[in-house]
Structures are given as structure tokens and as C-alpha cells.
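Cover the overall build, the packing of helices and the surroundings of the ligand.

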Amino acid sequence: KFKDQVVIVTGSSSGIGKACAIHFAGQGAKVVVNYSSNEEEGKKTVDEIHERGGEAILIQADVSKEEDVLAMFRETVDKFGRLDVLVSNAGLQKDAPFLEMTLQEWQKVIDVNLTGMFLCCRAASRQFLAQVNNEEAPNHSELSIGKIVLMSSVHDIIPWAGHVNYAASKGGIMMFMKSIAQELAPHKIRVNSVSPGAIKTPINKEVWSDPDKYEGLMNLIPYKRIGTPQDVAKAVAWLSSDDSDYVNGETLYIDGGMTLYPEFSDNG
Ligand code: NAD
């Protein structure tokens, strides 16, 4: 489905981003695997793609730093000649009770989860437009010229005490995504989000590796299983493909029903 398309997945040294990178490569894409500090894990993602016969390169960039982001997009185009899809996935948590949260904990999460999305989405959109304007034989297809998928969270609508920086960043992604989708649609650039519920990755290991906490988590998930990174990767790929060409500015919840108010399910 993505033969010869070039895809950047930010934060793909781990978890959901890693699954997305592997999934896209398996469908023929040339993939940029991005990491911020863990080069070894980034290399493992690239190695896994190569072992499966796919194509990928590794690029270090902290998505909250403008110069890093610009360099990553430059290197992508130098290496692969173009860009077709951005999966803006990199994100982190720095949890603390609101009354004790430091400005540093607040700022770090906003910088990576929200400003990082701004920097990457702006760079991708500029690249999509530049390559259309540079094409010798312009493509008159009705299909989009570039696709962006942002990694949000169910916490873009479910408030989350003890994680106000994270919830604020994800709520911010929702309006950021919708606003740029509106602005970029006339240019035929599509922008959507996926909002995962609980997905088994290092970010929430503390919950799924503790049987008591896992049981508590299941009370929040009507479908009664934790999600896998592959569950999310398949949805990201659909939103990045021409199969979803008329979908724009939407948020797709991938949460086993976590956003269905499960506490109401046995209310008679
Ligand atoms: P993870 O910790 O396994 O992966 C996070 C990735 O982001 C890592 O590769 C990390 O290196 C990268 N990253 C962190 N800071 C970065 C920076 N400054 N620059 C570039 N990369 C950076 O966790 P995950 O669960 O795979 O999370 C991926 C995304 O999914 C995040 O945006 C997270 O908020 C979102 N999400 C996860 C869940 C879940 O249950 N796992 C639920 C909802 C949303």
C-alpha cells in the first residue's frame, strides 16, 4: 500500500512508534526511524525492518528542538528525495500531583508533546507543498499530496488527575490538529489524529506489569484487554492511506471502548 512512499515516524525507537515504523516498512514504505536519546533502541527498530526486507534509516532528533526537526526533514529529503507521510508520535509523561508539579515538569511535556507536533507538522507541510510546486509534471490526481497523523490519547477528552501536563498537551493536540486540518485541506494535505487508550508499551509498564493495577485497568476497558502497539499501527496506516482520502480533521479512538463511560455499563 505504501510502495515507494516516504514516511517519518517520530519516537519510533519504542512502543507505538516502533510498531508503526515496522508496519509501514512491511507495506513497502521507506521509513525514517527517529529517536531522541536511545540510539541502541532506534537501531533495533531499523534492524528489525531490514531483517524483514524493508527499507529504513535512523535519524536522531529531539522533536522539541527546532534545529533538530529541520535537520531531520532535510536529511530525509536528501536521502529519499521526498516525503509522503508524517506520523507525529513522540511523546512522554512527567507525572506529579498538580499542587506539586514543577514548572519544569509542565514545560517538558508541553515542549515534547505539543510544540514537537507543531514543529514536525509545519516542516512536513512545507515539504509536501515544496515537492508539489517543484514537480516537473504536476500530479492532477484528486488524492491528497501529503498525510499527517498525530498521536493523541483518550486524555484529549478524558480528564486525568495527577497528569495535568499530559492531558493539557493531548487536549491541545486535538484543537491544533483540527485547526491545521482546516487550514491545509485546500492544499490537499490531510491531517488526522489517533487517540489510543491503554496500549502495552514502556510508557505504562508500571500499570500492566502489576496484576492488581492491571485488574483495575480492566474496569476501564469494556473490551477487557489491553491494546497492542499493532492495534494502533494498523489504524495509523489506514488514516495515512488513500483508503481514507475523504477523512480529514478526525480523531479515531483506539481504546477498546474506554471512552464509552464504562462505569455506566452495570447501572441496570
Ligand atoms: P514509549 O515511551 O514506548 O515511546 C515514546 C517514544 O517517544 C520513544 O521512542 C521516545 O524515545 C520518544 N520521545 C520522547 N521524547 C522525545 C523527543 N523529545 N524527541 C523525539 N522522540 C522522543 O511510549 P508509547 O506508548 O509508544 O508512546 C507513543 C505515543 O503514544 C506518545 O505520544 C503517547 O503519549 C501516546 N499514547 C500512548 C498510550 C499508551 O497507552 N501506551 C496511550 C495514549 C497515547
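This is a predicted model: local features need pLDDT of at least 70, side-chain atom pairs count only at pLDDT 80 or more; totals for chains, interfaces and linings use all residues.

Residues are numbered from 1 along each chain as its sequence is written.

**Overall build**

The protein chain contains 8 helices and 7 strands. These are DSSP runs numbered from the N terminus: helices are H or I with at least four residues, and strands are E with at least two. Along the principal axes, the C-alpha atoms of the protein chain fill a box of roughly 65 × 40 × 40 Å. The radius of gyration of the protein chain is 18 Å, which agrees with the value near 18 Å for a compact globule of 268 residues. That radius is taken over C-alpha atoms, and the globule rule is 2.2 Å times the number of residues to the power 0.38.

**Helix pairs**

The table lists two pairs by their axes, which are lines fitted to C-alpha atoms over the stretch in contact, with angles from 0 to 180 degrees between N-to-C directions.

| Pair | Axes come within | Crossing angle |
|---|---|---|
| α4 (residues 103–134) and α5 (residues 164–184) | 9 Å | roughly 15 degrees |
| α3 (residues 66–80) and α4 | 10 Å | roughly 35 degrees |

Helices α4 and α5 are therefore roughly parallel to each other, a term for angles under 35 degrees. Their crossing is right-handed, meaning that the near helix is turned clockwise from the far one by less than a right angle. Among the residues that meet are W106, V109 and F118 in α4 and Y166, I173 and F176 in α5. Contact requires C-beta atoms, placed from the backbone, within 7 Å. By class, the contact of α4 with α5 has 12 nonpolar, 5 polar and 2 charged residues. Ala, Val, Leu, Ile, Met, Phe, Trp, Tyr, Cys and Pro count as nonpolar, Asp, Glu, Lys and Arg as charged, and the others, Gly among them, as polar.

The crossing of α3 and α4 is also right-handed. Here E66, V69, L70, F73 and V77 in α3 meet L119, C120, A123 and Q127 in α4. This contact divides into 7 nonpolar, 1 polar and 1 charged residues.

**Around the ligand**

There are 28 residues around the ligand, and G11, G15, A90, G91 and T201 come nearest. A residue is near if its C-beta atom, placed from the backbone, lies within 6 Å. Helix α1 (15–26) and strand β2 (30–35) each supply at least two residues of this shell. Helix α1 gives the most, with 3 residues. By class, the shell has 12 nonpolar, 15 polar and 1 charged residues.

Note on methods
Angles under 35 degrees count as roughly parallel, over 145 as roughly antiparallel, 65 to 115 as roughly perpendicular and the rest as oblique. Two residues are in contact if their C-beta atoms, placed from the backbone, lie within 7 Å.
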